[in-house]
Amino acid sequence: MDTARLRRIRISMLLGALALFALLYAPQPVLPQLAGDFGLSPGSAALTVSAATLGLAVGAIPLGMLSEAVGRRRMMIGSLLLAEALGLLLPWVHHFPLLVALRLVQGVAIAGLAAVAAAYLADETGGNRLGAIMGLYVAGTTIGGMSGRLLGGVAGDFTGWTGGVLTVAVLGAVCTVLFVLLLPAERAHKRQALRWAPLLDGLRSALSDPVLYVPYMVAALGMGAFVTVYNVLGFRLITPPLLVPPALAALAFMAYAAGTATSAVAGRAADRFGRTRTLLFSLATTVAGLLVMLTDDLPAILFGLVVFTGGFFAAHAVASGWVGERARSSARGQASAMYQFSYYGGSSVGGVIGGSAYAAWGWPGMTVLLCGWLALAATGVALAHRRPAARTLMAQVASES
């Protein structure tokens, strides 16, 4: 494959992922200021975040299917441009229901990139170093998630929620422009006519392959555990016995940097050592981080958070690359969309369940629940690995008889 073109793909997708996650979570670090301006409870203010993730989950499947007809590059560029335009508009909206509605639309727009990225990479790389490139893309999501939160939070302290959201939108605009300029035109993907029959056939293929349910499950259960920890960690840090000041507690988001490193490393490890081994190790690392965080010692909690975050993003990088490689070429858009639906559906549902577990049973009870989710995901990975081996053994027995 053309080395220069491969480099452009890697850089452009890194920038696209950075813009995507910065825009998706832009209001999160300024929720207190937003709640104060609108006279809202914390839960109501958080609708500006959950509306976008809900829009992403809802939009992932139809936009993934539509990309088969309109083209992957066109879908990703158009979606990110719309999401960025809305990001620049949001700071000027001072009617809360309209703000939530626009965030919902922005989430749907973001889905056009999130749901198609893995399919585009699988098509255009032909599987050549797909794990490493997918790992770099996931690294971009962690950089975007961390930088957007930190920049927005710092700007929000001086200029309120509008300045925080606008600062993130400007960051997204720079990345979006570079993404549009650098992303190479498609060579491998052949567009399908805009007919529902073949598109639905691709969706059926994405839903009928039992092996694909494993990365879907890793996405849903892993993201449910991840968002639960980050949702409730602040409450734990600012209450006895830790009593960390809220401003310092917010710095826990810097643990995202661990995901930036491990996602790229995990992608290369999957190419070298095998997907199953790397994914199981990543999930085990995630569980280990949770167990370390059971203590009330602050340095140990922060260390466990870094381990937990690194393990989760490593698993996410390997699982998302698995979908692009496993899915039928004509159904990669739909399969990638199903992965995103599982990922953000797990975020929405898992976050609620995990938060309820924390309220009812505290951090130890919540940890037991999350470890159970991750163990279930690991069981699915192990069973999927045994499935091809079982088929091969059955074929050998049949031929000998």
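Is Tyr25 buried or exposed in this structure? Tyr25 is buried, with a relative accessible area of 6%, where buried stands for under 20%, exposed for over 50% and partly exposed for what lies in between, using a 1.4 Å probe and protein chains only.

Before I go on, a word on the source. This is a predicted model, in which local features need pLDDT of at least 70 and side-chain atom pairs count only at pLDDT 80 or more, while totals for chains, interfaces and linings use all residues. Residues are numbered from 1 along each chain as its sequence is written, and side-chain values use heavy atoms, with hydrogens and water left out.

Let me turn to the aromatic residues. The structure holds 13 aromatic pairs, a pair being two rings of Phe, Tyr or Trp (for Trp, the six-membered ring) with centres within 6.5 Å, called stacked when the planes are under 30 degrees apart, edge-to-face when over 60 and tilted for the rest. Phe21 and Tyr25 make a tilted pair, because their ring centres are 5.8 Å apart and their planes stand at 50°; Phe21, like its partner, is buried, at 6% relative accessibility.

Phe226 and Phe313, by contrast, form an edge-to-face pair, with 5.2 Å from centre to centre and 75° between the planes. This pair links distant parts of the chain, since Phe226 lies in helix α10 (residues 213-238) and Phe313 in helix α14 (residues 298-326), 87 residues apart; helices here are DSSP runs of H or I with at least four residues, numbered from the N terminus. Phe226 is buried at 3% relative accessible area, and Phe313 is buried at 1%. Both belong to one aromatic cluster, which also holds Tyr230, Phe308, Phe312, Tyr339, Tyr343 and Tyr344.

Thr286 lies in helix α13 (residues 275-292) and is buried, with a relative accessible area of 2%. Leaving aside residues up to four places away in sequence, Thr286 touches Phe308, Gly311, Phe312 and Leu374, contact meaning heavy atoms within 4.5 Å.

One further ring deserves a mention: Arg236 lies over the face of Trp363, at 4.6 Å from the ring centre, the criterion being CZ of Arg, or NZ of Lys, within 6 Å of the ring centre and within 35 degrees of the ring normal.

Key
Helix = DSSP H or I, 4+ residues; strand = E, 2+ residues; numbered from the N terminus.
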